[in-house]
Amino acid sequence: MPRGTLEVLLVGAKGLEDTDFLGNMDPYVTLTCRTQERKSSVASGQGTQPKWNENFTFTVSDGTKELKIRIMDSDFATSDDFVGEATIPLEPVFMERSHPPTAYNVVKDGKFQGEIQLGLTFKPEINERHDCGFDYEESYGGWKHSSNDY
């Protein structure tokens, strides 16, 4: 499995279900990659077409397969409302290294609730050792240290 860093650009969303009866909803997003969770700012008063343009970074380790996105509506007097979610498979990003901002379907109870736009970039971990088992420093020039034994 790949190891490295996943960079996520949270662009915005459109066509979301409005969970507020009075006024515009105040959406925010939680992004979860395995056990790591990040939260966007609240797009106050932006309703069903919020824009964030925020960047998030996750450490990718063995077993990382997907990025989970949950859109919530921040409410002052009551608990926040669940708007919808998207699950993004990461295997294509690991192979291609980068996906430009792309729209992903947001669903709630199996029903389409709008789209969220994300850009994804994967930066693989650079290993110090290579297939031959030598460190670059050791193999550069044929020896690591000079010897006084001549």
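Take D81, in strand β6. Its relative accessible area is 24%, so D81 is partly exposed. And please keep in mind that this is a predicted model.

Let's stay with D81 for a moment. Which residues does D81 touch, not counting residues up to four places away in sequence? They are T19, D20, I71, M72, D73 and D75. With T19, the two C-alpha atoms are separated by 7.0 Å, although D81 and T19 sit 62 residues apart along the chain.

One of those partners, D75, deserves a word too. D75 is found in the loop between β5 and β6. Leaving out residues up to four places away in sequence, D75 touches D20, D80 and D81. So what about a salt bridge for D75? There is none, yet D75 is buried. The nearest side chain of opposite charge is K108, and K108 is 10 Å away.

Now, on to the charges that do pair up. How many salt bridges does the structure hold? Five. I'll go through some of them.

E7 and K123 form one, with the closest N and O atoms 3.1 Å apart. E7 lies in strand β1 and K123 in strand β8, so this pair ties together parts that are 116 residues apart in sequence. E7 counts as partly exposed, at 29% relative accessibility, and K123 is partly exposed as well, with 44%.

Next, R70 and E85: their side chains meet in a salt bridge at 3.7 Å, N to O. R70 is in strand β5 and E85 in strand β6, 15 residues apart, and the pair links distant parts of the chain. Both ends are partly exposed, R70 at 35% relative accessibility and E85 at 34%.

Then there's E66 with K68, where the closest N and O atoms are 3.2 Å apart. Again we have partly exposed residues: E66 has a relative accessible area of 31%, and K68 comes in at 41%.

Two of those residues, K68 and R70, turn up again around T30. T30 has its place in strand β2 and is buried, with a relative accessible area of 12%. Leaving aside neighbours within four places in sequence, T30 is in contact with E37, R38, K39, K68, I69 and R70.

K39, by the way, has something else going on: K39 lies over the face of Y28, at 4.5 Å from the ring centre. As for ring against ring, the count comes to one aromatic pair.

Last topic, the inside. In soluble globular proteins, nonpolar side chains tend to be buried together. Here, the largest nonpolar core has 29 residues. Which of them have the most contacts inside the core? V8, L67, I69 and I116. At least two core residues each come from β1 (4-14), β2 (27-33), β4 (51-60), β5 (66-73), β6 (81-89), α1 (91-96), β7 (98-108) and β8 (111-124).

Have a look at L67 on the screen. Beyond its neighbours within four places in sequence, L67 is in contact with V8, L31, T32, C33, F58, A86, T87, I88, L90, L118 and L120. V8, in that list, is also among the core residues with the most contacts.

That's it from me, happy to go back to any of these.

Methods:
Residues numbered from 1 in each chain as written. Predicted model: local features only at pLDDT ≥ 70, side-chain atom pairs only at ≥ 80, totals over all residues. Heavy atoms only, no water. Phe/Tyr/Trp six-rings, centres within 6.5 Å; stacked < 30°, edge-to-face > 60°. Lys NZ or Arg CZ within 6 Å of the ring centre and 35° of its normal. Core = buried A, V, L, I, M, F, W, Y, C linked by side-chain atoms within 4.5 Å. Buried < 20%, exposed > 50% of the residue type's maximum accessible area, 1.4 Å probe, protein only. Helix = DSSP H or I, 4+ residues; strand = E, 2+ residues; numbered from the N terminus. Contact = heavy atoms within 4.5 Å. Salt bridge = Lys/Arg side-chain N within 4 Å of Asp/Glu carboxyl O. Lys, Arg positive; Asp, Glu negative; His and termini not counted.
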